[in-house]
Amino acid sequence: MDFDLTEEQNLLKDSVTRWAGDRYGSLERIEAARRQPLGFDEGTWAQLAELGLLGLPFAEEDGGFGGGPVETMIAVEALGRHLAPEPYLASVVLGGGALRLAGSAAQRAEYVPAIAEGGLRLAFAHGEAQARYDRADVATTARQVEGGYRLDGAKSVVLAADAAQTLVVSARTAGDRRDEAGISLFLVPADAPGLTLKAYPTQDGGRAADLVLDGVTVPAEALLGAAGAALPVIERVLDEGIAALCAEAVGLMDALHALTVDYLKTRKQFGTAIGSFQVLQHRAVDMLMALEQARSMALYATMMAGSDDAAERGPAIAAAKVQINRSARLVGQEAVQLHGGIGMTLEYLGAHLFRRLTTIEYLFGDTAHHLRRVSAAGGLLGAA
Amino acid sequence: MDLRFTPEETAFRQEVRAFFRSEIPAEIRAKVSEGRPLAREDYITSQRILNAKGWAVPHWPKEWGGQDWDPIHRYIFMEELMQAAVPLPLQFNCFMVGPVIAAFGNEAQKKRFLPRIANLDDWWCQGFSEPGAGSDLASLKTRAVREGDHYIVDGQKTWTTLGQYADWIFCLVRTDPAAKKQAGISFLLIDMKSPGIAVRPIVTIDGRHEVNEVFLDSVRVPVENLVGEENKGWDYAKFLLANERTGIARIGLTKERVARIKRLAKETPAGEGTMWDDADFRARIAGLEVELKALEITQMRVVAAQGRRDAGKPDPASSILKIKGSELQQTATELLIELAGPRGLPAPVPNDADTLGWEAFAAPTYLNTRKVSIYGGSNEIQHNVIAKAILGL
């Protein structure tokens with residue numbers, strides 16, 4: 001039992017936190033970056049590469065830095081705290097995760113160095129409009145054709161798809177729409193003929209796109225992992241993504257809580273700081289408790305994300321997401337309420353933190369969905 | 001960073017688990033698990049088995065029977081004790097007066113009292129709260145006036161848990177009425193057989209006799225029974241209350257209860273199947289388990305940080321454990337009473353208590369557990385503590 005970071009992890013934490021605070025640290029800078037065509041600044045992406053963040057989770061022999069879930073947690077928490085708009089989660093954690101977990105040695109050798117250097121961004125095109133949160137619900141098909149595959153279908157809310165040069169697309173090579181078997185992953189160039197992409201801003205100030213694949217053909221080498229056996233990879237990628245989201249949410253909640261406590265100390269009404277009112281103090285304490293419970297479950301998710309045992313990992317990650325969602329809602333709502341009118345405006349940083357937290361609640365499964373997962377597994381404790 | 005226990009810690013867990021399950025009588029553990037009342041002898045039997053093993057007071061200084069365990073081993077020990085439904089070593093002895101005497105008492109007091117406290121040869125009760133001093137404990141009025149080599153104590157204590165069994169009571173008394181609130185308080189050890197002491201039972205919301213009023217009418221207490229210095233009692237009380245708070249989350253107890261609820265749900269008929277098939281009920285159990293897991297890790301974070309803190313200084317994060325821990329204990333008893341359903345209506349009466357099923361004890365357990373957000377510094381007081389000590393409000 002050990003909650004300490006190693007010396008190297010502490011260095012990573014210090015350097016990312018300092019960088020993100022310097023680069024952003026004010027709403028004006030965040031919004032200036034968001035106004036760029038892709039929703040972030042290309043030059044800043046290159047800085048992430050220089051910091052070593054883009055190659056962080058990949059093995060050293062593939063050209064990465066050999067980090068694990070703890071390193072990812074450190075990076076996304078620090079980036080999240082400052083609302084850094086770069087698509088780190090979409091590109092490195094999700095898209096990169098699929099490549100790392102399912103890619104052949106040749107594929108990793110081809111893609112990882114380019115990712116780590118900042119020249120290549122991926123996106124993870126798995127979700128479909130009808131699937132909601134069902135990970136096995138894939139209607140997009142991949143039929144074998146001469147020399148490769150032909151993909152037809154549609155993908156929904158693909159995070160940061162318009163920033164990616166290569167998409168990791170799930171498609172069915174066998175079976176029916178909701179079958180667990182028969183799903184495959186493919187590396188598809190964003191400019192492939194037959195692929196159309198409708199990009200749009202999301203509620204949290206980020207970007208996503210809906211994809212239509214109409215006879216997109218890819219060579220056989222585009223297959224990522226074994227044909228028809230991608231669901232366990234997809235499960236693992238999404239579980240790692242949820243663990244990262246949990247850490248990001250902790251960074252956001254921590255920032256939002258600090259902002260709120262600071263406001264309580266400085267905002268004066270009735271001739272005194274409003275933080276002297278007991279009813280407001282107690283609500284700020286409730287926020288802190290929700291934050292600390294979330295922090296604990298983010299640590300739990302981080303520890304479990306690397307597990308190969310899906311039966312052990314799944315309920316743990318689901319439980320973490322339940323706690324994060326509940327805490328995010330409480331911390332976000334209370335922050336707005338305690339700020340009063342100013343909390344309602346987009347001129348205020350806190351409102352942006354709340355918007356991102358709200359989005360996180362519905363990414364990769366909401367509270368009810370993950371509670372059902374925990375429940376279906378029989379809970380977290382054995383029966384006496 | 002590694003949230004797993006080391007092989008040594010896991011082996012320790014298995015050792016204590018095996019001991020609890022093989023050495024503490026099953027009928028005592030069944031009573032604890034089902035919420036049936038324990039007899040005085042049950043507490044004594046269980047604690048003496050622990051003490052014979054050297055485990056009644058592992059957190060005490062080594063020379064008085066402590067075990068030199070680090071915070072993680074202590075945590076594992078308490079966790080397993082609660083999950084095995086072993087009665088907690090008497091709180092007033094082992095977690096309250098014992099540590100205070102060990103830290104602030106003189107050698108004569110330590111020799112006289114500590115071994116008997118550990119073995120439950122003397123049963124202690126707590127004389128802190130008064131009718132006019134609850135959350136505002138420092139406003140207590142019980143007076144002790146020095147007369148030669150005795151104090152003459154007059155006043156009234158209340159909420160004295162299991163005072164009906166007690167041989168001794170440790171009291172906060174006012175020795176300097178002129179001093180500012182906290183400054184004039186002393187910590188006195190009083191023999192319950194002293195003339196002038198009267199105990200009146202209070203029947204609580206669960207229908208049981210658990211707490212009492214204790215009246216002190218010109219009770220003569222030898223000066224040698226003063227702990228530490230006169231008028232320094234508030235410092236010792238704060239030390240004691242901080243000790244009380246760290247273990248108060250009772251995560252092991254709630255885990256035991258949740259595991260039991262899950263087992264009973266599979267045996268409780270409902271519709272075509274059992275309550276375990278009720279998706280809504282299952283989801284609520286799962287929701288509790290999520291929060292419990294989060295609190296367990298929060299507790300581990302506090303425990304891990306304890307090694308690095310000054311022993312005397314309480315971690316304000318322990319107030320978070322108190323609030324969430326008590327809330328989850330209460331949530332578990334809500335699920336229990338709902339699971340019992342209409343079969344929970346028959347009330348246990350003394351003569352047929354042994355023949356009644358678990359359902360009869362669900363409501364008393366639920367009702368009794370309302371206390372946990374009140375005692376040990378109410379949850380509202382804990383909010384104040386956190387607002388001030390952590391948030392700086």
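User: Does Phe364(A) count as buried, exposed or partly exposed?
Analyst: First, the ground rules: this is a predicted model, with local features needing pLDDT of at least 70, side-chain atom pairs counting only at pLDDT 80 or more, and totals for chains, interfaces and linings using all residues. Residues are numbered from 1 along each chain as its sequence is written, while chains are lettered from A and ligands numbered from 1 in the order in which they are written. Buried takes 20 or more other C-beta atoms within 10 Å of a residue's own, exposed 12 or fewer, and partly exposed is in between, with C-beta atoms placed from the backbone. Phe364(A) has 18 such neighbours inside 10 Å, so the label is partly exposed.

User: What is the radius of gyration of chain A?
Analyst: Chain A has 11 helices and 10 strands. For its 384 residues the globule rule gives 21 Å, and the chain comes close to that, so it is as compact as a globular protein of that length. The rule is 2.2 Å times the number of residues to the power 0.38, and the radius is taken over C-alpha atoms. The radius for chain A is 21 Å.

User: Which residue in the turn between strand 2 and strand 3 of chain A has a positive phi?
Analyst: Strand 2 (residues 141-145) and strand 3 (residues 148-159) of chain A pair in the antiparallel sense over 5 bridges; pairing needs at least two bridges found by DSSP. Arg143(A) has Arg150(A) as its bridge partner in strand 3 of chain A. The hairpin leaves 2 residues between the strands, and the one with a positive phi, about 80 degrees, is Gly147(A).

User: Which residue stands opposite Lys155(A)?
Analyst: Strand 3 of chain A also pairs with strand 7 (residues 207-219) of chain A, antiparallel over 10 bridges. In strand 7 of chain A, the residue opposite Lys155(A) is Leu211(A).

User: How many residues does helix 9 of chain B give to the side that touches chain A?
Analyst: Contact means C-beta atoms, placed from the backbone, within 7 Å. By that count, 39 residues of chain B are in contact with 36 residues of chain A. Helix 8, helix 9 (279-306), helix 10 and helix 12 (379-389) of chain B each give two or more residues to that side. Helix 9 of chain B has the largest share, 16 residues.

User: Which residues of helix 8 of chain A meet helix 4 of chain A?
Analyst: Helix 4 (residues 69-81) and helix 8 (residues 278-305) of chain A pack at about 140 degrees, with axes 8 Å apart. From helix 4 of chain A come Pro69(A), Val70(A) and Met73(A), and from helix 8 of chain A come Ala298(A), Thr302(A) and Ala305(A).

Definitions and conventions
Helices (H or I, at least four residues) and strands (E, at least two) are DSSP runs, numbered from the N terminus. Two residues are in contact if their C-beta atoms, placed from the backbone, lie within 7 Å. Axes are lines fitted to C-alpha atoms, for helices over the stretch in contact, and angles run from 0 to 180 degrees between N-to-C directions.
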